[in-house]
Amino acid sequence: MSDLYARHKAVLPDWLALYYKDPLEITHGEGRHVWGDDGRKYLDFFGGILTTMTAHALPEVTKAVTEQAGRILHSSTLYLNRPMVELAERIAQLSGIPDARVFFTTSGTEANDTALLLATTYRRSNQILAMRNSYHGRSFSAVGITGNRGWSPTSLSPLQTLYVHGGVRTRGPFARLSDADFIAACVADLKDLLGHTRSPAALIAEPIQGVGGFTSPPDGLYAAFREVLDEHGILWIADEVQTGWGRTGDNFWGWQAHGHSGPPDILTFAKGIGNGMSIGGVVARADIMNCLDANSISTFGGTQITMAAGLANLSYLLEHDLQGNARRVGGLLIERLRAVAAQLPVVREVRGRGLMIGIELVRPGTDEAHPDAAAAVLEAARAEGLLIGKGGGHNTSVLRIAPPLTLTVSEAEEGAAILERALGSVH
Ligand SMILES: Cc1ncc(COP(=O)(O)O)c(C=O)c1O
């Protein structure tokens with residue numbers, strides 16, 4: 001055991017899980033690569049859990065952060081903050097939400113917490129509809145709407161949560177139905193559920209479930225849900241913490257795959273926008289955002305240093321059409337991985353869109369999750385110089401691939417070749 005690992009174990013919580021039998025310290029990065037304390041260079045297909053959205057050490061972001069650090073790091077929300085106003089203006093406009101207001105937080109958890117506070121206050125209800133297999137953060141309120149046992153350390157909650165079908169297309173009671181029938185079955189189930197409840201405040205959903213293993217419903221499910229929710233005045237919260245900013249290639253926001261419903265009432269974001277700086281936030285219609293009748297601040301939310309990073313990062317993303325790159329390079333990568341998987345019975349499914357790709361592993365010939373195989377592929381990929389992630393419902397048996405959105409075609413090919421060998425080695 002390395003000295004740092006021993007010190008980690010001695011002083012940090014047991015539940016703070018590390019990847020790899022021999023955990024890795026990442027010392028620096030550049031572009032789509034990082035370097036480890038083992039002296040090796042790695043192609044990074046996980047970007048620090050989808051946070052390094054554009055590139056490691058992107059000069060534009062480094063410059064903006066350095067310049068801002070030389071002026072002021074933070075002044076709190078008690079004072080006017082130019083970079084915060086500028087980033088809020090840009091995000092409000094990009095969100096598609098009419099008359100939008102933006103509140104910045106320091107994490108996705110705090111963003112979702114805020115969304116729950118807004119929705120429950122606005123609707124005077126503590127009931128929340130959430131999706132099975134969901135993940136929305138680690139706080140007391142967020143774990144109360146988490147439909148994934150592996151990330152749900154308590155069932156105590158200030159909220160009453162009702163779990164809805166539909167976030168996982170290829171497992172569960174409706175898996176064998178066609179897309180249209182799947183949607184119809186989920187809508188019928190939602191209607192039935194609503195017939196047995198009081199009046200929920202909101203439905204919260206990740207358009208593609210992140211921690212849950214990059215699972216998603218057929219396009220259009222949330223639009224169909226929206227029609228039902230609207231009849232009851234129930235709000236729709238889209239958790240775009242993983243799916244935002246063009247990562248899914250086809251769309252800038254994940255909710256747009258359900259486009260004809262129009263934008264959600266509340267949208268939450270975090271992870272990629274700061275390229276590693278702690279930015280989270282909530283966008284909501286003004287009447288919803290302004291429904292609180294007491295003060296509320298996040299002391300570090302929207303601090304100048306993080307906003308400078310966010311502005312530079314977002315500008316780079318838009319000016320270089322990284323959504324288009326995610327669509328093109330992600331499309332090639334998923335095709336290549338599907339071809340590989342077709343030869344390997346350990347792979348149940350390759351799914352996702354853009355640069356958000358999941359590979360679900362099972363015990364060959366069954367539908368049984370195979371977490372040991374996922375762990376083995378993770379190690380084998382690392383041995384060949386590729387970092388990937390893991391996730392998935394009951395057992396973490398889904399490999400998660402989510403590189404920085406500047407990924408090149410040759411890097412995608414290099415990563416796919418390593419994955420082919422890594423998957424083949426467990427087969
Ligand atoms: C969809 C989703 N929502 C919320 C969160 C929580 O974000 P954070 O870890 O920044 O609190 C995560 C984190 O993985 C997430 O994937």
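**Cavities, cores and a loop residue**

Modeller: Pro-207, Ile-208, Ser-216, Pro-217, Asp-219, Thr-248, Asn-251, Gly-254, Ala-257, His-258 and Arg-353 line the largest cavity. A cavity is, on a 1 Å grid over the protein atoms alone, a set of points where a 1.4 Å probe fits but cannot get out, and lining residues have an atom within 4 Å of a point. This is a predicted model, in which local features need pLDDT of at least 70 and side-chain atom pairs count only at pLDDT 80 or more, while totals for chains, interfaces and linings use all residues. Residues are numbered from 1 along each chain as its sequence is written, and side-chain values use heavy atoms, with hydrogens and water left out.

Colleague: How do the residues lining the largest one divide?

Modeller: Into 4 nonpolar, 5 polar and 2 charged. Here Ala, Val, Leu, Ile, Met, Phe, Trp, Tyr, Cys and Pro count as nonpolar, Asp, Glu, Lys and Arg as charged, and the others, Gly among them, as polar.

Colleague: And where does the second largest cavity lie?

Modeller: Domain 1 (3-57 + 322-424) and domain 2 (62-319) both contribute to its lining, so the second largest cavity lies between them. The domain bounds come from an automatic or database domain assignment. Its lining residues include Leu-50, Trp-245 and Leu-405.

Colleague: Turning to packing, which residues have the most contacts inside the largest nonpolar core?

Modeller: Leu-129, Phe-225, Trp-245, Leu-333, Leu-361 and Ile-388, in a core of 94 residues. Such a core is a set of buried Ala, Val, Leu, Ile, Met, Phe, Trp, Tyr and Cys residues joined through side-chain atoms within 4.5 Å; buried means under 20% relative accessible area, exposed over 50%, and partly exposed in between (1.4 Å probe, protein chains only). The core draws at least three residues from each of domain 1 and domain 2.

Colleague: Finally, where is Leu-73 found?

Modeller: Leu-73 is in the loop between helix H3 (59-71) and helix H4 (82-95); helices are DSSP runs (H or I, at least four residues), numbered from the N terminus. Leu-73 is partly exposed, with a relative accessible area of 47%.

Definitions and conventions
On a 1 Å grid over the protein atoms alone, a cavity is a set of points where a 1.4 Å probe fits but cannot get out, and a pocket is an open set with protein on both sides within 12 Å along at least five of seven lines; lining residues have an atom within 4 Å of a point. Helices (H or I, at least four residues) and strands (E, at least two) are DSSP runs, numbered from the N terminus.
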